[in-house]
Amino acid sequence: MENQRPKVWLSSAPPEGTVSNYTLHLFWGGWDPDGEIGYYEYIITNNTTGVFDPADTTSTPGDYKWTAVVGNDSIFTFTADLVADSTDFGDNELEPEEFRRSHTFFIRAVDEQGLRSAKPAYRSFTSRTLSPVVNVRVPRRTLLNPAQVPPITTFQWSARDFVSNRDQIQDPDSVRWIVVPTSKFNDDWEATTEYIRTSPSAPEWSDWLYYQLPGDSGKSWTTRPLDFGQYLFAIQAKDEAGAVTPVFDLDLNLRRFLVSTRSTGPVFTVRNDFLGTVVTSSPRTPLSILDLPAGLPMQFEWEADASSYGGTVSGYRYGWDIFDLNDDSQWEIDFTPFIGTLAKSPIRKFFFGTHTFHVEVIDNSGFKSRVGVTVNIVPFTMQRNLLLIDDWRNGETLNFASTSGAVPSDAETDVFWLKMLEGVEGFNPAVDVFELGPGVPTVPIQVVADYQNVIWNAVASHGSASSSIVAEMIEFNDPDEPNSGGKTTPNLPALFLEAGGHLLLCGEQLTTMVINSFSFSLAPPAFPIIFRYELEGDQDGTYQDSEIGVKGVGDRSFAYNHCCLNVLDIAFIPNISQVRRPPRQRVPPGRGCPVNLIRDHDIGNSRTDGLRAAVPVDLTTGPGFPRLDLRSEVAGDPTRFYHESKTGLNCDIYNPTYFNELTACGTLTEVIPPRSCFEPIYALECVNTSSVIFGAPIGFWTSRFADRVPDVGGLAARSVIWGFQPVYFDPDQVKQAIEIIVHDEWQIPRVTVP
């Protein structure tokens, strides 16, 4: 019996003549009347004229056009590589364009004897897609002039492929690019652009390159060395359906650029703990100048980026005390490639003289950027016992009597401190007192270099203009903020502690001034404030605490790093918007980290919150400190400014226990318990004994540098921070406390006062 041909049919396909996506899942079936179907064969025609051409399905010897498939379905990708409607198509059209292509899909069955269907099943339809968009990222577009780039330039781009609408986005299949010098067209930009637009087969076009190649080689390209002159770069993307970016636009995939000698190099960022940050792109950056104690370890770190102009950073070199920067042999190392993005210099110590550190980076075309830092080494002899820095209300003529105890005069303050330091061996008021004021605007580092111990008395009341230089020195400045160059004002208290000196820093709200209020863009800072995370204004509560510096930079501040503080509060705050609110109360904008406990915060007269007495903390190690009561001139009777029936003294509150990981935002494991280098000395006593701030620390030892012995020899000891002004308290009691610090901790001998 003669073998009968199998039957075939399409069970799922787009309706005849319709427009569909370019990726389709097609289904078919078949039947053999006298046997079994062995497999199927399909063919897809691209109907160039929109009509099926029978020759597209006719095989010739050596050119079999049908493809075998086992199974009854498959997913197919059809081309869609013709602009659907170009009648109003403009060169400056930035949106993806619709592309289409007419196709006919044929399927036929083949039985086990190799006999094919008499007539294939088929369906004609039009596939559709949207063209991909590609955007040149580097070099950046300039508004008026072409981008200036080096002879060897790296172009970078990103591309998006819109599948069938603008919400379906994927990576394109491939990209190709072209570079044409405008010199071919009399340096006419428009003529060069027209050549690129009308010459899709121009020899300057690269091959199509897969967009997802490893190492981003499908997303960037580095030129060969180019001659000086003007050029035009263009790039197209192609999707898997064959649609190609149809326009060339200066905002997206077209870039004018100029190859010429550059006057600048890579953007170069150099950091140092004492210097801060210097950012430059010049090989002639002015020197930054630092005064530093002898023997301090110094290290610089840096990073560089040349991508903004299409360059690549090739390497760096550095050296100390280079006489001739053009003599390669004087640099400590030859140009060395970056490993990662950051490089560091070895740690160095100097004990005398002036030394200059230079570090330089170079790009792949030889353009450089350079930073130089001159360090004046100040020997710390520390031969004298004690220096008093008077940094508070100098020249004040009002006094306790005329202000009902509100403000002491300059003379009253001087008398107070001379009494405090009676009996300190070697202390000479004519030599060992440095008074700031008119004509004496700062404390040179040379002033403290002769002392091993310093008492620095100042005032820096939050929310008012500070009259103390120490507030400017210890205010937190983000190390990543660029340094303006020239002479740098150092954080002298920090340098003194790191050199092995011992410090008593006392006065009204000094550590509050570490906060840079101008960095709070939404609102002023709210208290309590968390140093590590909130010195730049971030109070939204989205903190991480797995390691130092994960989020925020406050761990590099004087308050955190040198004073061992995690959290700061203020006894009373005139502005209620700066008090952190419990969740059930209104939280001001940007304050997503409310406290859960209600502070007894008496807005207005601050009677219940103000400091009435400094009470010794039982946990204090060593000799017991005395209680400090407000002196009679300040609070002795109802006429006095700080009497218990009136306002209380303001002060800083350190690491308060009412603000911890159980009652505050997030899980801040470093808040409670405090770090071991924070050792409370005094606690706040206020009118309301049930207030959460009652008993909160207001004075403490910091043992952060308690093991630091000066290079010139001497004693290792703790330093002290008092967040209140001692002159307001009973002089006899304060003297006992000062003697514990000066004589017992700092080991300065006592002498008998006549």
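This is a predicted model: local features need pLDDT of at least 70, side-chain atom pairs count only at pLDDT 80 or more; totals for chains, interfaces and linings use all residues.
Does F678 count as buried or exposed, and at what relative accessibility? At 6% relative accessibility, F678 counts as buried, where buried means under 20% relative accessible area, exposed over 50% and partly exposed in between, with a 1.4 Å probe and protein chains only.

Residues are numbered from 1 along each chain as its sequence is written, and side-chain values use heavy atoms, with hydrogens and water left out.

**The whole protein**

The protein has 9 helices and 39 strands; helices (H or I, at least four residues) and strands (E, at least two) are DSSP runs, numbered from the N terminus. Of its 754 residues, 51% count as buried. Among contacts (heavy atoms within 4.5 Å) with a separation of 6 or more, residues 24 or more positions apart account for 72%.

**Aromatic rings**

A pair of aromatic rings is described by the distance of the centres and the angle of the planes. Here, rings of Phe, Tyr and Trp (its six-membered ring) pair if their centres lie within 6.5 Å; planes under 30 degrees apart count as stacked, over 60 as edge-to-face and the rest as tilted. By this rule the count comes to 42 aromatic pairs. One of them joins F155 and F233, whose ring centres are 4.0 Å apart with planes at 10 degrees, so the pair is stacked. F155 belongs to strand β12 (residues 154–162) and F233 to strand β17 (residues 229–238), so this pair ties together parts that are 78 residues apart in sequence. F155 is buried, at 0% relative accessibility, and F233 is buried at 0% as well.

Now back to F678: its ring and that of F700 have centres 4.9 Å apart and planes at 40 degrees, so the pair is tilted. With F678 in strand β37 (residues 678–685) and F700 in strand β38 (residues 697–702), the pair ties together parts that are 22 residues apart in sequence. F700 is buried, with a relative accessible area of 0%.

One aromatic cluster is formed by F300, W302, Y316, Y318, W320, F338, F350 and F357. Charges also meet rings: R108 lies over the face of W66, at 3.8 Å from the ring centre, and the charged end of R262 sits over the ring of Y309, 3.7 Å from its centre. The rule asks for NZ of Lys or CZ of Arg within 6 Å of the ring centre and within 35 degrees of the ring normal.

**Strand pairing**

Two strands pair if DSSP finds at least two bridges between them. Three such pairings are set out here.

| Strands | Sense | Bridges |
|---|---|---|
| β19 (residues 267–272) and β22 (residues 301–305) | antiparallel | 5 bridges |
| β22 and β24 (residues 343–344) | antiparallel | 2 bridges |
| β21 (residues 288–293) and β26 (residues 368–378) | parallel | 6 bridges |

In β22, E301 is the bridge partner of R271, while W302 stands opposite A343 in β24. In β26, V373 is the bridge partner of S288.
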